[in-house]
Amino acid sequence: MFQSVSGRFPLPDVLGREFAGYNGAALRADVLAGVTVAAVALPLALAFGIASGATAAAGLVTAVLAGFIIGSLGGAGYQISGPTGAMSAVLIVLASRYGLEGVWMAGLLAGIMILLLGLFDLGQIVNFIPTAVISGFTSGIALIIFIGQIDNLLGVKTEAAENALVKLANYARLDFSPLLPAAGISLAVIAVMLLWPKKWNARFPASLLALIGATAAALALELDIPTIGTIPQTILLDQRLLPQNMPWEHLSELIAPAFSIAALGAIESLLCGTVGGRMVGQKMASNQELIAQGIGNIIIPFFGGVPATAAIARTSVAVKSGGRTRVVSLVHSAVLLLAALVLAPLLARVPLAALAGVLVVTAWRMNEWHEIRHIFGRRFKSAMFAFISTMIATVALDLTEAIIIGVGLSALIFVFQISRTKISIMPVSVETMRKQGYELKTDGEHMAVVYVMGPLFFGTANAFNAAVENLNGTRDVILSLRIVPLLDTTGISAVENAIQQIEAKGGRVYLSGLNEPVRSYLERAGILAQLGDDRVFWSADQAILAADRYRAGLTAA
């Protein structure tokens, strides 16, 4: 946690490596990549702004500022940040409960949390969440996005619901009349995005083509369907977080949602950095990335934007388009800013049904299908349980509760997996020892080696105790702990009880194969001092010979 300044603030080193040998050709490649990313980001920014419970303008402002601020300060030049589908699923629930002031305040608090994660080198905490939980959470978010867009898909307005599952159930009442032109626009956009060839998509994004086509069709046919509405030609929105309007009365209630936003932002950004890093062969400075994400999310609410994070889709487009440095992010933001200033009147005419179509396809694609096929195809039961439970919790409960359940499941799965410690009891054989070149002085009849294969902690202590109780007729016991990577206080108590039980019957306990962490823990517990150096050995064979010498000496006496 306490690092040098260069370790905690590695931006100068990152920039030095990133721009080493930078030239005009690299600049041209970055500029072209930035324009391409902006074309992809524009429809997504508008869509995610609305999907977050805010406005299309808020999404656009978020994309512009995230590209400038986070892109400038980030730990990876190839990373592109902005509003995302996963984040919008968290924010829509928050907006329905506390309004935009609640979203902005929670975003500000989340920014502070993410900044602290980076400053104190705590980013590795997110690495303890299993892939199955992350995939389940992502699929649950995809469902929330889809359910949240059904109104816009059909051109209707239904009552708000407590969560996405209740909202979906309400549609079963069929107490609404779909607007056929809106539904037609939605289906057309979905069709274009699914059928547009991938090789063409690299030159002209399908989502942008679909929005242009849908808007042109709606205008030409004079369709009376809901549109985005007025987009201010500025990045400083009238609706924004102001010091005098901060909802301090809800501060305690916003801590948990802020934690959800911070956790999601950190996880998405670090995962995106890992994916992008593999594509370009570079490693991201994780702490610096979290610092940048934190600073960006602290500033954005004061302009009227929503919380941002790194976006895997836009980062992939940047890399595949030939971009390598943060110039790509800056150019992408400049193009989006130009669009906000110049094209706002046209963007205001984009049908909400068209944006809903974009979000539906985005929600489908954001599912980690490769990981899902891997989990269910190989029938990994614990991973399947974690995936399904997290997905259902995400859809049916508050997003904060879903994250807590996911983290709890992570811990339970981990404990379950490492609790499969095997305890093997092997009686000492004079013949076996002779074959290994050792000649025992006694018959070894009342000696046994207890091999503990796995961690010895609260989840495995009962199995160990049961094995010790079954040592009927055994006098001297060698506990081989070579394959024990860790002990906890319950494991220490189990070893102490075993020593007491065996010595109460006139026997002796020897230890063998202690690695450094286990030796240190046993030493702190006083067990090594209790036994003495003459009963602690590196190998089980040495311990057997020591026990044999001791018994032979007693017999001779």
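Author: A helix here is a DSSP run of at least four residues, and helices are numbered from the N terminus. The model is predicted.

Reader: What makes Thr394 count as buried or exposed?

Author: Its relative accessibility is 0%. Buried means under 20%. Thr394 therefore counts as buried.

Reader: Which backbone oxygen does the side chain of Thr394 reach?

Author: That of Thr390, at 2.7 Å. A polar contact needs a pair of N or O atoms within 3.5 Å.

Reader: On to charges. How many salt bridges does a search of the whole structure find?

Author: Eight.

Reader: How do you know that Arg326 and Glu18 form a salt bridge?

Author: Look at the distance. Their side chains meet at 2.6 Å, N to O. A side-chain nitrogen of Arg has to be within 4 Å of a carboxyl oxygen of Glu, so the pair qualifies. Arg326 sits in the loop between helix H14 (312-320) and helix H15 (327-342), while Glu18 is in helix H2 (residues 11-18), so the bridge ties together parts 308 residues apart in sequence.

Reader: Are Arg326 and Glu18 buried or exposed?

Author: Both Arg326 and Glu18 are buried.

Reader: Why is the contact of Arg173 with Glu159 called a salt bridge?

Author: The closest N and O atoms are 3.7 Å apart. The cut-off is 4 Å, so Arg173 and Glu159 form a salt bridge. Arg173 lies in the loop between helix H8 (164-171) and helix H9 (180-195), and Glu159 in the loop between helix H7 (150-154) and H8, so the pair ties together parts 14 residues apart in sequence.

Reader: What makes Arg173 buried, partly exposed or exposed?

Author: Its relative accessible area is 47%. That falls between the 20% and 50% limits, so Arg173 is partly exposed. Glu159 has 52%. Exposed means over 50%, so Glu159 is exposed.

Reader: What makes Arg535 and Glu503 a salt bridge?

Author: Their side chains meet at 2.9 Å, N to O. That is within 4 Å, so they form a salt bridge. Arg535 is in the loop between helix H25 (527-531) and strand S7 (536-537), and Glu503 is in helix H23 (residues 489-504), so this bridge ties together parts 32 residues apart in sequence. Arg535 has 9% relative accessibility and counts as buried. Glu503 has 30% and counts as partly exposed.

Reader: Now the nonpolar patch on the surface. Which residues form it?

Author: Leu338, Leu341, Val342, Leu343 and Leu346. Together they have about 460 Å² of accessible area. H15 gives the most, with three residues.

Reader: What volume does the second largest pocket have?

Author: About 890 Å³. The pocket is lined by 39 residues. Ile92, Ser96, Gly148, Ala160 and Lys167 lie nearest its centre. H5 gives the most to the lining, with seven residues. H19 is among the helices that each supply at least two.

Reader: What makes phi of Glu222 stand out?

Author: It is near 55°, a positive value in a residue other than glycine. Glu222 lies in the loop between helix H11 (206-220) and helix H12 (251-280). Its relative accessible area is 70%, over the 50% limit, so Glu222 is exposed.

Reader: And what is phi of Arg379?

Author: Also near 55°, and positive in a residue other than glycine. Arg379 lies in the loop between helix H18 (369-377) and H19. At 64% relative accessible area, Arg379 is exposed.

Reader: Last one. Why is Val452 called buried?

Author: Its relative accessible area is 1%. Buried means under 20%, so Val452 is buried. Val452 is in strand S4 (residues 447-453). Its C-alpha atom is 6.2 Å from that of Lys422, 30 residues apart along the chain.

Note on methods: Residues numbered from 1 in each chain as written. Predicted model: local features only at pLDDT ≥ 70, side-chain atom pairs only at ≥ 80, totals over all residues. Heavy atoms only, no water. Buried < 20%, exposed > 50% of the residue type's maximum accessible area, 1.4 Å probe, protein only. Polar contact = N/O pair within 3.5 Å; in protein donor to acceptor, adjacent residues only side chain to side chain. Patch = residues over 30% accessible without salt bridge, like charges linked within 9 Å, V, L, I, M, F, W, Y side chains within 5 Å. Areas by Shrake-Rupley, 256 points an atom, 1.4 Å probe, with all protein chains shown as cover. 1 Å grid on protein atoms, 1.4 Å probe; cavity = no way out; pocket = protein on both sides within 12 Å on 5 of 7 lines; lining within 4 Å. Points joined across faces, edges and corners; volume = space filled by probe spheres on them.
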